[in-house]
Protein chains: 2
Amino acid sequence: MALLIGRYDYSLDPKNRLAVPPKYRETLALEKGRSFYLTSGMEGCLYLFLPSQWEKLLAGDLKMFSLPDKEAERAFKRKFFSEAVEVEPDAQGRILVPQYLKEHAGLRFDVLVQGAGNRAEVWDAKRWSDYEKKMVAPAYKKIAKSVEL
Amino acid sequence: MALLIGRYDYSLDPKNRLAVPPKYRETLALEKGRSFYLTSGMEGCLYLFLPSQWEKLLAGDLKMFSLPDKEAERAFKRKFFSEAVEVEPDAQGRILVPQYLKEHAGLRFDVLVQGAGNRAEVWDAKRWSDYEKKMVAPAYKKIAKSVEL
DNA sequence: AATCGAGTGGGCAAAGGTGGGGAGTAATGG
DNA sequence: CCATTACTCCCCACCTTTGCCCACTCGATT
């Protein structure tokens, strides 16, 4: 099972092109895929899926979508799927980020591409550091006491 | 099951390369693995996993990290996966430490690599001696009455 | 004494990240 | 229906960084 990990600092160029880490492209090639799937994600980031993981989503195998409130689930899925695009890296390994996704994630110049297990995520650098201070550090401390790791 | 033990003093060179103890590399070879997995650890160190242990951690979709609060769980998993890297020792047995992990662990020049059972840990020398004074000794006293060893 | 393994440093070629030109295509408006 | 504009894709080019390789030192062992 392909796992996406690691953190990479890139920049979004004036043409809204964004580099994809070579490792991820390797994984893509291993799956014999040509394109990733990019869409809006939670907490103001973008999700980048490998074809295999994307298929799983469509098949309903990933439980990330199952909500008790089915109406909310539908609303969420509408945004999620309507904003999704198939993105194929160019010869330099860059993908094109649509304007509306750029806005969703508040992307400026400095951008982070990082693994999140079954997907990768794209973050505006500033937004990530804010999120990390506010959310990640507390969650980490909370888990530290209870997890034997 | 392979255990990692022992303590080794190394230095982080200007190119952020760090030696891995030959014993650990032997163990890696025994597992027919080529790479370790390096990620951020608790109390400001780095964790170095053998492939087998890494797999074990992932098995079951990281159930040990599942929290009732999915927002917090996402936050934790984001840190965990995004800061993890696959590191392959070069011909001299050194691995490359990414900048963000170097910062997480506050690594300067003098670095400690030490076994911790199912993983190894990487510490900044100064940080370790502080931690030892502050935490290890008191923890020893705390458990002395209940540990039969 | 010589050899071997280990830790460290540095040179250099290759790869990776970034920028921009220009042709082709689609969307917009007169 | 045509003209203009915006956007996308495909090149090519530069430069920094990375990773690979060789080399030196030191201590231990034979």
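Predicted model: local features only at pLDDT ≥ 70, side-chain atom pairs only at ≥ 80, totals over all residues.

Q: How many residues of the two chains are in contact?
A: Two residues are in contact if their C-beta atoms, placed from the backbone, lie within 7 Å. By that rule, 17 residues of chain A are in contact with 16 residues of chain B. On the side of chain A that touches chain B, strand E7 (110–115) and helix H5 (125–146) each supply at least two residues. H5(A) gives the largest share, seven residues. Helices (H or I, at least four residues) and strands (E, at least two) are DSSP runs, numbered from the N terminus.

Q: Which classes of residue make up the side of chain A that touches chain B?
A: Ala, Val, Leu, Ile, Met, Phe, Trp, Tyr, Cys and Pro count as nonpolar, Asp, Glu, Lys and Arg as charged, and the others, Gly among them, as polar. That side of chain A has 11 nonpolar, four polar and two charged residues.

Q: Why do the copies meet through different surfaces?
A: Only 6% of the interface residues of chain A are also interface residues in chain B, so the surfaces through which the copies meet are different.

Q: Which residues of helix H2 of chain A are buried?
A: A residue is buried if 20 or more other C-beta atoms lie within 10 Å of its own, exposed if 12 or fewer, and partly exposed in between, with C-beta atoms placed from the backbone. In H2(A), residues 51–58, the buried ones are Gln53(A), Trp54(A) and Leu57(A). They lie on the same side of H2(A) because they cover an arc of only 100° around the axis; the arc is that of the directions from the helix axis to the C-beta atoms. The face turned away from this buried side carries the exposed residues Glu55(A) and Leu58(A). Strand E3 (36–40) and strand E4 (46–49) of chain A are among what covers the buried residues. Just after H2(A), Gly60(A) takes a positive phi of about 80°.

Q: Which residues have the most contacts inside the largest nonpolar core?
A: A nonpolar core is a set of buried Ala, Val, Leu, Ile, Met, Phe, Trp, Tyr and Cys residues joined through C-beta atoms within 7 Å. The largest one has 70 residues, and Phe36(A), Val122(A), Phe36(B) and Leu38(B) have the most contacts inside it. Not counting residues up to four places away in sequence, Phe36(A) touches Leu28(A), Leu48(A), Phe49(A), Leu50(A), Val87(A) and Ile95(A).

Q: Which residues come nearest to DNA strand C?
A: A residue is near a molecule or strand if its C-beta atom, placed from the backbone, lies within 6 Å of it. Of the 22 residues around DNA strand C, the nearest are Ser11(A), Asp13(A), Asp13(B), Pro22(B) and Gln92(B). Strand E1 (7–11) of chain A and strand E1 (7–11) of chain B are the elements that give two or more residues to this surface. By class, the surface has 12 nonpolar, six polar and four charged residues.

Q: What surrounds DNA strand D?
A: Both chains contribute, with residues including Lys15(A), Pro98(A), Asp90(B) and Leu96(B). The surface near DNA strand D divides into five nonpolar, two polar and three charged residues.

Q: Where is Glu43(A) found, and what is its phi?
A: Glu43(A) is in the loop between E3 and E4 of chain A. Its phi is positive, about 60°, although Glu43(A) is not a glycine. Glu43(A) is partly exposed because 16 other C-beta atoms lie within 10 Å.

How values were computed:
Residues numbered from 1 in each chain as written. Chains lettered and ligands numbered in written order.
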